[in-house]
Amino acid sequence: MHRMQTRAVQVGPLTIGGDNRVVIQSMCSIRTNKVDEVVEQILNLEKQGCELIRVSVMDMSDAQAIREIKRQIHIPLVADIHFDYKLALAAIEAGADKIRLNPGNIGARENVEAVVRSCKEHHVPIRIGINSGSLEKEIHEKYGKPTAQGMIESAKRHVQILEDLDFHDIVLSFKSSDPILCLEVYRQAAKEFDYPLHLGVTEAGTVMTSAVKSTLALGPLLLEGIGNTIRISVNGDASLELPIVKELLKDCGLKDDVPNLIACPTCGRTAWEMKPVVDEMESWLQTIHKPITVAIMGCAVNGPGEAKHADIAIAGGRNEGLLIRKGQIIEKLDQSEMVDRLKEEIQKYTEQ
């Protein structure tokens with residue numbers, strides 16, 4: 001798929017932008033100074049495929065905690081900072097690989113200059129994040145409501161501050177809870193800037209609403225070659241985000257190491273308790289990073305036909321099912337055996 005060319009920005013060992021793949025990121029939902037809990041959450045997200053993690057920096061204890069967190073994790077870390085430039089300096093010194101900070105919000109020019117000097121010295125890029133709900137008062141008054149034009153104008157202000165200091169390791173984001181506004185502003189941003197774009201819908205809500213809004217807004221952008229890194233925001237545990245973003249990238253043809261789980265919607269023909277098996281397999285497959293198609297089918301009408309197109313499949317019957325590999329029935333199973341045997345066959349298949 002054609003990808004829009006942007007500047008390439010280095011974040012630790014990752015390169016965001018250029019002609020590189022879309023990088024998956026998430027954000028910790030735990031206060032950063034709770035180091036052990038934060039590390040545990042990040043390590044779990046790594047297993048699910050998270051490649052870049054952001055933590056909030058509310059005070060100096062959060063900034064200083066970054067050093068120990070970095071020592072125990074394996075992916076680059078972004079420090080999320082607002083208003084206080086001293087927190088940015090402390091986070092950079094502690095080892096943050098990138099900071100999220102709007103330079104127009106940290107006071108006097110000398111504050112910005114101090115942050116930029118430190119970023120240059122430590123090779124740390126800056127993400128400028130424009131949110132529709134927190135636009136500058138005069139921009140909001142000018143346009144009367146959050147608009148794509150207003151968000152672009154806000155970004156230009158912040159970008160100009162950094163460019164005037166000869167700093168260009170910049171990533172931009174333009175987030176809104178309105179998916180149509182997201183779609184509009186990112187398309188405009190791709191024309192206005194050559195910096196990498198961080199895609200996301202902010203305050204997207206529950207798993208269901210986030211999946212719908214994010215797919216509506218970000219799917220078309222990805223298909224148009226727009227976007228260099230992505231976060232799907234979901235209320236609650238950060239682990240809820242990864243399945244959505246991986247599925248979206250896979251279905252857009254931008255990620256080829258994600259399992260494809262096929263499960264029939266069930267109907268009156270279904271004669272076995274299918275949902276618990278599907279739910280457990282969906283969760284377990286988040287730790288498998290191979291392009292395998294797994295089908296779990298509910299009855300003898302469509303089951304065998306659909307299952308033959310999968311790599312590994314179950315076609316269920318009354319409290320039992322047929323285990324199928326590449327269209328060939330290899331075993332008849334009681335329902336109590338299905339999950340364990342499915343996992344076993346998937347492991348065998350992915351190791352070949």
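## Helices α7 and α8

In this predicted model, helix α7 passes helix α8 in a right-handed crossing. The residues that make the contact are P179, I180, C182, L183, Y186 and R187 on the α7 side, and K213, L216, A217, P220 and L221 on the α8 side. Helix α7 covers residues 179-192 and helix α8 covers residues 207-223. Their axes come within 8 Å and cross at roughly 20 degrees. Angles under 35 degrees count as roughly parallel, and α7 and α8 are therefore roughly parallel to each other.

Helix α7 also lies across two strands, β8 and β9, and runs at about 155 degrees to β8. Strand β8 comprises residues 170-175 and strand β9 residues 197-199; the two run parallel and are joined by two bridges. Within this pair, L172 stands opposite L197 of β9.

## The barrel

Strands β8 and β9 belong to a closed barrel of eight strands. The order around the barrel is β3-β4-β5-β6-β7-β8-β9-β10, and the pairing is parallel. As a general point, the strands of a sheet pair through backbone hydrogen bonds, either parallel or antiparallel.

## Strands β3 and β4

Strand β3, residues 23-27, pairs with β4 in the parallel sense over three bridges. In this pairing, S26 stands opposite I53 of β4. Together with helix α1, the strands β3 and β4 make a right-handed β-α-β unit.

Strand β4 is mostly covered, with five of its five residues buried. Burial extends to both of its faces: L52, R54 and S56 are buried on one side, and I53 and V55 are buried on the other. In a regular strand the side chains alternate between the two faces of the sheet.

## Strand β5 and its neighbours

Strand β4, residues 52-56, runs parallel to β5 and is joined to it by four bridges. The bridge partner of I53 in β5 is L77. Between β4 and β5 the chain crosses through helix α2, residues 60-72, and this β-α-β crossover is right-handed.

Strand β5 consists of residues 77-80, and both of its faces are covered. L77 and A79 are buried on one side, while V78 and D80 are buried on the other. β5 also pairs in the parallel sense with strand β6, residues 98-100, over three bridges. There, V78 stands opposite K98 of β6. The chain passes from β5 to β6 through helix α3, residues 85-94, in a β-α-β crossover that is right-handed.

## Q48 in helix α1

Q48 is located in helix α1, which spans residues 35-48. Its relative accessibility is 11%. The cut-off for a buried residue is under 20% relative accessible area, so Q48 counts as buried. When residues up to four places away in sequence are not counted, Q48 touches S239, L242, P243, K246, Q286 and H289.

## Loop residues

G133 lies in the loop between β7, residues 126-131, and α5, residues 137-143. With a relative accessible area of 77%, G133 is exposed, the cut-off for this class being over 50%. The C-alpha atom of G133 is separated by 29 Å from that of R3, and these two residues are 130 residues apart along the chain.

D166 is placed in the loop between α6, residues 148-164, and β8. This residue is exposed, with a relative accessible area of 54%. Phi of D166 is near 60 degrees, which is a positive value in a residue other than glycine. K326 is not a glycine either, yet K326 has a positive phi of about 50 degrees. The position of K326 is in the loop between β14, residues 320-325, and β15, residues 328-334.

Methods:
Residues numbered from 1 in each chain as written. Predicted model: local features only at pLDDT ≥ 70, side-chain atom pairs only at ≥ 80, totals over all residues. Heavy atoms only, no water. Buried < 20%, exposed > 50% of the residue type's maximum accessible area, 1.4 Å probe, protein only. Pairing = 2+ DSSP bridges. Right-handed = clockwise from strand over helix to strand, strands pointing away. Contact = heavy atoms within 4.5 Å. Axes fitted to C-alpha atoms, helices over the stretch in contact; angles between N-to-C directions. Parallel < 35°, antiparallel > 145°, perpendicular 65-115°, else oblique. Left-handed = near helix turned anticlockwise from the far one by under 90°.
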